[in-house]
Amino acid sequence: MKHPLLKAPQNDRLPVFLLFLTLTLLTMFALNVTGRSLITEAAPAGIISYEFAGDVTTASAIIQSWDATAQIFAGFNLGLDYLYLVLYATTIAMAILWLSDGLTKSRLIAVVALALAWGQWLAAGLDAIENLALLVMLVEQPAEPWPQIAWWGAVIKFSLVIAGLIYAVAAFVARIVARAKR
């Protein structure tokens with residue numbers, strides 16, 4: 001199954017990638033600025049600690065470590081993350097498809113690139129479910145199964161994103177090497 005981003009003409013892929021990269025980085029900056037208040041002893045990695053809480057006790061301890069302002073910032077971050085997940089997933093998927101295009105004639109590499117590009121959008125879907133679980137716990141109180149849903153969503157999401165980034169970097173290096181050989 002073809003990826004919808006492949007419908008962009010080859011000449012337009014770099015500008016589209018750069019647009020999405022810029023929007024992704026701007027949104028990431030906003031998340032980092034508002035996320036600073038979420039770093040506590042119970043949540044040394046801020047919202048990421050909350051994503052990986054994994055159980056009711058840990059999730060409760062993290063929420064309790066945030067004052068009212070920090071809890072508002074947590075809710076804001078989770079809301080803004082719904083925009084961010086679309087941006088990062090599309091940026092990484094575009095990078096994978098753009099960088100792998102014409103790199104090799106290998107069918108296996110083309111299939112891996114396509115799977116990883118779709119995987120970024122799967123990661124975004126899991127991120128959305130994870131955010132829902134985190135918001136439910138923030139608004140109500142941590143209860144089963146929300147911490148586990150958030151944990152599994154985060155584990156699979158980060159695995160897919162890291163795999164996509166590794167592929168994109170490898171494809172970028174391969175393109176540089178191929179150009180140097182010419």
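Reader: What should I know about the model before I start?
Author: It is predicted, so local features need pLDDT of at least 70 and side-chain atom pairs pLDDT 80 or more, while totals for chains, interfaces and linings use all residues. Residues are numbered from 1 along each chain as its sequence is written, and side-chain values use heavy atoms, without hydrogens and water.

Reader: At what angle do helix 5 and helix 6 cross?
Author: Roughly 150°, with the axes of helix 5 (residues 107-139) and helix 6 (residues 146-181) coming within 7 Å. Helices here are DSSP runs of H or I, at least four residues, numbered from the N terminus. Axes are lines fitted to C-alpha atoms over the stretch in contact, and angles run from 0 to 180 degrees between N-to-C directions.

Reader: Roughly parallel or antiparallel, then?
Author: Helix 5 and helix 6 are therefore roughly antiparallel, a term for angles over 145 degrees.

Reader: And helix 1 with helix 4, what angle there?
Author: Helix 1 (residues 10-35) and helix 4 (residues 68-100) pack at about 155°, their axes 8 Å apart. That makes helix 1 roughly antiparallel to helix 4.

Reader: Changing topic, which residues form the nonpolar patch on the surface?
Author: I48, F52, W151, W152 and I156, with about 450 Å² of accessible area together. Patch residues have over 30% relative accessible area and no salt bridge, and nonpolar side chains are joined within 5 Å. A salt bridge is a Lys or Arg side-chain nitrogen within 4 Å of an Asp or Glu carboxyl oxygen. Areas come from the Shrake-Rupley method with a 1.4 Å probe.

Reader: Which helix gives the largest share?
Author: Helix 6, with three residues; I156 is found in helix 6.

Note on methods. Helices (H or I, at least four residues) and strands (E, at least two) are DSSP runs, numbered from the N terminus. Angles under 35 degrees count as roughly parallel, over 145 as roughly antiparallel, 65 to 115 as roughly perpendicular and the rest as oblique. Patches are made of residues with over 30% relative accessible area and no salt bridge: like charges are joined within 9 Å, nonpolar side chains (Val, Leu, Ile, Met, Phe, Trp, Tyr) within 5 Å.
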